[in-house]
Protein chains: 2
Amino acid sequence: MRRADKRTRAQSGLFVLAFLVLAACAHETAKPDAAAGAREGLPYRIVASLTTEVGPRLAGTPAEAAARDWAVKKLEGLGFKNVHVEPFTIAGWTRGHGHASIVAPARQDLAVAALGGSIATPRGGLTAPVAFVATYDEMLKAGEGAFAGKIVFVNDRMTRARDGSGYSHAVRKRSKGASEAARRGALALVIRSVGTDSDRFAHAGNMSYAKEVKRKIPAAAISNPDADQIERLHAEGHTVTLKLDLHPRHIVDAPSGNVIADIPGTEKPDEIVLLAAHLDSWDLGTGAIDDGAGVGIVVAAALRAAGPEMKPKRTIRVVLYGAEEVGVHGGDAYAKRHAAIVARHVLAMEADFGTGRAWRYSTNVPEADLPFYDAIGRELEPLGLERGDNKSNGGPDIGALRKLGVPVVGIGQDGTTYFDLHHTANDTLDKIDAEALEQVTEAFARVARSVANR
Amino acid sequence: MRRADKRTRAQSGLFVLAFLVLAACAHETAKPDAAAGAREGLPYRIVASLTTEVGPRLAGTPAEAAARDWAVKKLEGLGFKNVHVEPFTIAGWTRGHGHASIVAPARQDLAVAALGGSIATPRGGLTAPVAFVATYDEMLKAGEGAFAGKIVFVNDRMTRARDGSGYSHAVRKRSKGASEAARRGALALVIRSVGTDSDRFAHAGNMSYAKEVKRKIPAAAISNPDADQIERLHAEGHTVTLKLDLHPRHIVDAPSGNVIADIPGTEKPDEIVLLAAHLDSWDLGTGAIDDGAGVGIVVAAALRAAGPEMKPKRTIRVVLYGAEEVGVHGGDAYAKRHAAIVARHVLAMEADFGTGRAWRYSTNVPEADLPFYDAIGRELEPLGLERGDNKSNGGPDIGALRKLGVPVVGIGQDGTTYFDLHHTANDTLDKIDAEALEQVTEAFARVARSVANR
């Protein structure tokens, strides 16, 4: 526990007010002081505590269990009620030993990460020439047997965008590419990382095998500079030979769970405003931006929305989901377990987009409620948020609730640099922008406060 | 060979002129075009070729031998004469398998690199609690036995500076720390990387054991974010336990060598203007900034200084040194081998400071020659170089020549970000600023041309 955690919430609240005034009045001139001040704020302190005291927390592992223990203790310490874990099991996966290299024309080790869910290579590794494919769409056009005896390398680049919109296109090769390559005879799939940086980090991420494709092949991502290297060798007419030696393991019935914590409503305790983030992370970094930041934001926002008296009219619930990265299992488990009371969720919001400032406020609420939500939007304008549309998907973990009719609000964060760090070993606490976390937290808090006290 | 390499030197020369005009007139507005243009220039194409076709080239390994083969072929192809290798042997070292982690209070893998020259840990690894030391100077103050049974962790940060001046202070813990820790009973030394970035890369680099300290202990660097993690755990009162499992190997009589290439002088062929860079690199990256950039600069500058006719009055010699990183062995070997003709070296210059723009012109020449060298300085002013002092050390590889009285010129490059990448896996071609390389090359060329034709 950091010493600063011992401040009272009242002190914290005063600090936050002071901070917001400072940040608004003197954003440029007082930057170093404001940044140091923001690191004393609760959102940052929560990310610091989670990433330092627990660290990486891959779904289904003892580290994720340690994160649940951390969360229960932290949430109880902050005054939440009804703090408990709702366990479930998943098909687990661990990375194990992994290594990859270019073995010809010139030997070079690669920054590699097996994709989550991938099978292992044979013991001793798999060495084969590369079939270079410029884009995933080009790979899909290839005929049966086109890649027989080859390791397919897919070279697609991801586009940088504030709203992260480059991801859905770029991620297809990672999610589905292995079976598509296997259909066409490939021995393995290697992709240019789904990420916007030019650092020597492989971006991890989940994949799955299509049921109708019997042959499973190993799948891995390499860093962007390594992909550049293969691209250059290919452009110069070389046949590139890769060796992959990846030994992930699958685990049957691995334990995971969601952590629930409430600030009970005083007037309508059965009605719930749900704030979501996910507790699990990929294993390579310490999950600071993904999704330690979200954990910090929603925990602090819930307290801020409830006010110093901790007496909102409706219940404000924080759910820290398990096993998001490996298939959004926590989100599905919560929706299933609470199916009978889904209609009591008056709003769900999720923070899972890193450490960027909030810039857009979107909704997905009944038409009749739009005047109420538009009024909230006007409260967010001074924080720098513009009004988005009424088609927000909310986020992955609350997706199941949204599909069941729960209204959602999306606080759009600036994701311009999010995919520089996303799922890499470089996702660590030093990357957190504490000032931005304060601003995002305030946006979440204003929405939650208005809806909880409506 | 990249297609662009097939341009003639005359075309190259015209391009360079056009480029310099463009860069000077429209540096800001035409940046993307200028950058693309600069990548067609010889300095960049040389770095691209070396890093792509050879890649990492650790001293004493087959990869360094491949770099010598590459250099001979490249230099002959560019029209240099007397191209040959001057072999020597070194005490070699290879990294082998390495892994490190925090095992308590919470498990986390560390980005680690054994220091060059370090012995291995025992098979199965070495696990011990950390003795946290804030600075290297604090460690030196500790008494005998102060670290018995502990792994010493030294937390010094390196200061960022344009002239790289933070390095000499910060590097002491890396160069000499192991024996100082061993004197005080430590089982191993772990240092915060000597680097200015906050990325999850360990910075490699050489170390040596003091002869008078009998007990050798393993030594390694961890990334700055990992060091932050240990620092935070320590600050919160935790005892941090590390596991180190590092298996470098020492090699007796490993082959290395210097590659020499001349543009013979037409009037005084026995007088030599020597341009130096080093061909070896650390093993983790592909040695683009260290020292592929230097190789690109000096090879292109030699040709540019000689002019399209390739007829300088004095001989312009390029020396691509071997085994610089592991003890400046190439520099020493050259000085020893050519001891009889040292006095014929009228000037030596070295490029070994990455991809930053040249900003300072320093000399270390006889007083009587200062008017001549000051005049050269005035030719460099339009390129943005200021006149430094007459105390330049020239650089590591030409240090032995300088000590024997050879005049040297130092072209100071902007090193503000050099130590973000230095000796890491992230030192790859994408980091090269091709426009800056053109400017530095031009500065080297102007000096070499003036001295060669004096």
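These legends describe close-up views of a predicted model. Local features need pLDDT of at least 70, side-chain atom pairs count only at pLDDT 80 or more, and totals for chains, interfaces and linings use all residues. Residues are numbered from 1 along each chain as its sequence is written, and side-chain values use heavy atoms, with hydrogens and water left out.

**View 1. Arg95(B) sits in a loop of chain B.** The loop runs between strand 1 (81-94) and strand 2 (98-104); strands are DSSP runs (E, at least two residues), numbered from the N terminus. Arg95(B) is buried, at 12% relative accessible area (buried means under 20%, with a 1.4 Å probe and protein chains only). The side chains of Arg95(B) and Asp283(B) make a polar contact of 2.7 Å. Here that term means N or O atoms within 3.5 Å, one able to donate a hydrogen and the other to accept it; residues adjacent in sequence count only if both atoms are side-chain atoms. The Arg95(B) side chain also reaches the backbone oxygen of Ala114(B), at 2.9 Å.

**View 2. Trp93(B) and Trp282(B) form an edge-to-face pair.** Their ring centres are 6.4 Å apart and their planes meet at 80°. Rings of Phe, Tyr and Trp (its six-membered ring) pair if their centres lie within 6.5 Å, and planes over 60 degrees apart count as edge-to-face. The pair ties together parts 189 residues apart in sequence. Trp93(B) is buried at 7%, and Trp282(B) at 4%.

**View 3. Arg162(A) lies over the face of Trp359(A).** The distance to the ring centre is 3.3 Å. The rule asks for NZ of Lys or CZ of Arg within 6 Å of the ring centre and within 35 degrees of the ring normal.

Conventions: Chains lettered and ligands numbered in written order. Helix = DSSP H or I, 4+ residues; strand = E, 2+ residues; numbered from the N terminus. Buried < 20%, exposed > 50% of the residue type's maximum accessible area, 1.4 Å probe, protein only. Phe/Tyr/Trp six-rings, centres within 6.5 Å; stacked < 30°, edge-to-face > 60°.
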